[in-house]
Amino acid sequence: MAPSALPDGDPAPGDGHLPQEVTGRLDRPGWPLAVYVHVPFCRVRCGYCDFNTYAPGDLTGPAATTSSYAAAARRELALAAAVLAAAPAAPEVGSVFFGGGTPTLLPPADLAGLLDAIRGHWPIAAGAEITTEANPDSVTPRSLQAIAGAGFTRISLGMQSALPHVLAALERTHDPANVERAVVGARAAGLHVSLDLIYGTPGESLADWRASVDEAIRLAPDHISAYALIVEHGTKLAAQVRRGALPAPDDDDLADKYELADAAFARAGYDWYEVSNWARPGHDCRHNLAYWRSANWWGIGPGAHSHVGGVRWWNVKHPDAYAARLAAGHSPAAAREVLTPTQRAEEEILLGIRLRGGLAVEALNPTAMAELAALAADGLIEADGLVKDPDANRPRRVVLTLRGRLLADAVVRRLLAD
């Protein structure tokens with residue numbers, strides 16, 4: 001019996017079959033699938049990070065090495081292919097994203113092997129977006145050439161800041177000069193480039209943030225992400241803030257930095273397409289759009305989350321438990337949930353409102369519709385909250401203003417209020 005990737009809400013392995021509510025929805029030829037591969041290794045675990053990652057010495061069991069992890073991930077890919085074979089139509093992969101952690105701590109040959117395994121199980125769409133995240137000090141011109149030669153099309157570099165003292169506060173280990181070297185090497189290899197930035201770090205002034213934004217623009221990537229620093233429960237940063245060693249991020253400071261970045265990116269030709277993401281035309285991250293549009297994706301790796309046909313599940317977090325389950329022929333999934341129609345409608349609002357394309361008015365219930373005028377009066381949504389699509393046959397859409405982007409969570413709460 002094939003192992004199930006979707007146990008019935010408990011850690012025990014399931015019965016080997018996709019539930020009917022999944023296969024019944026996957027009936028369109030070539031339905032798109034996004035594949036995420038989580039690589040849980042970092043050279044150093046940053047104090048603000050709550051991702052499922054492990055530094056050297058954290059692991060001593062069967063998944064302690066990068067090569068043993070790659071073998072386990074290939075087993076889950078085979079499991080995914082077996083499970084999805086139950087669907088009426090085979091999927092076509094539209095995007096692949098290697099995240100972490102630091103995927104480029106794996107040798108390029110292992111990254112290439114995992115990508116080859118994906119190709120072996122499913123057809124890859126023409127022009128598919130295939131990304132790996134990387135720290136600037138985890139790549140070389142040679143490794144970047146190897147990654148591009150394996151079929152990767154895009155690299156997302158964790159720049160975070162251009163200032164050494166800000167990087168030190170974040171416990172990032174790279175030299176700012178490594179960012180430019182990595183960008184130049186990626187360009188030479190033919191890869192599209194995205195840069196990740198973080199604002200609101202303790203000790204970062206507005207002038208510091210302006211310098212980081214200006215440097216990111218000078219490097220001329222195709223895509224830029226800028227995220228406010230969040231103090232996540234259970235992290236070293238949270239403990240430092242709790243005992244008063246570091247100040248908590250200030251909301252007004254975060255708003256000022258967001259507005260500065262948005263204006264600078266716009267002047268440089270980067271359009272916002274999601275609250276925290278800007279891109280040159282044609283370079284929106286298609287993989288992340290799959291998440292924000294609640295499309296189908298399978299997450300490979302310890303702690304990875306998946307969503308197929310309205311069913312969501314997540315893997316056990318520890319790499320040893322993950323590897324052991326797969327070696328025994330069991331699913332690594334810890335639990336699952338089948339989303340109700342109400343949950344799916346709420347998620348459409350929660351995610352869709354964050355996009356530049358906005359939210360279709362038809363997705364709103366009468367109570368939310370009645371709130372649109374008040375949201376427009378408060379300056380949170382554009383043009384009476386109803387922006388015409390250029391195609392008159394398509395529904396009107398609710399689009400956030402700049403002020404609305406700063407208060408996106410509050411807008412969602414008002415749209416979801418009973």
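Helices H12 and H15 are roughly antiparallel to each other, a label given to angles over 145 degrees, with those under 35 counted as roughly parallel, 65 to 115 as roughly perpendicular and the rest as oblique. The structure is a predicted model in which local features need pLDDT of at least 70 and side-chain atom pairs count only at pLDDT 80 or more, while totals for chains, interfaces and linings use all residues. Residues are numbered from 1 along each chain as its sequence is written, and side-chain values use heavy atoms, with hydrogens and water left out.

Helices (H or I, at least four residues) and strands (E, at least two) are DSSP runs, numbered from the N terminus. Two packed helices are described by the angle between their axes and the distance between the axes. Axes are lines fitted to C-alpha atoms, for helices over the stretch in contact, and angles run from 0 to 180 degrees between N-to-C directions. H12 spans residues 341-352 and H15 residues 408-416; their axes come within 9 Å and cross at roughly 150°. Contact (heavy atoms within 4.5 Å) is made by Glu346, Ile349 and Leu350 of H12 with Val412, Leu415 and Leu416 of H15. Five of these contact residues are nonpolar, none is polar and one is charged. In this classification Ala, Val, Leu, Ile, Met, Phe, Trp, Tyr, Cys and Pro count as nonpolar, Asp, Glu, Lys and Arg as charged, and the others, Gly among them, as polar.

From H7, Leu206, Trp209, Arg210, Val213 and Ile217 meet Asp256, Lys257, Leu260, Ala261, Ala264 and Phe265 of H9. The contact of H7 with H9 comprises eight nonpolar, no polar and three charged residues.

Strand E5 (residues 192-199) is mostly covered, seven of its eight residues being buried; buried denotes under 20% relative accessible area, exposed over 50%, and partly exposed the range in between (1.4 Å probe, protein chains only). Strands count as paired if DSSP finds at least two bridges between them. E5 runs parallel to strand E4 (residues 154-160), to which six bridges join it, and Arg154 has His192 of E5 as its bridge partner. Six bridges also join E5 to strand E6 (residues 223-228), again in parallel. Within that pairing, Leu197 stands opposite Ala226 of E6.

Several loop residues were also examined. Ser205, in the loop between E5 and H7, is partly exposed, with a relative accessible area of 33%. Ser205 and Asp253 are 48 residues apart in sequence, and their C-alpha atoms are 8.8 Å apart in space. Ala220 lies in the loop between H7 (206-218) and E6 and has a positive phi, near 55°, in a residue other than glycine; its relative accessible area of 31% makes Ala220 partly exposed. Ser294, in the loop between helix H10 (286-292) and strand E9 (297-300), has a positive phi of about 55° although it is not a glycine. Ser294 is partly exposed, at a relative accessible area of 28%. The peptide bond from Gly100 to Gly101 is cis, with omega near 15°, and Gly101 belongs to the loop between strand E2 (92-100) and helix H3 (108-121).
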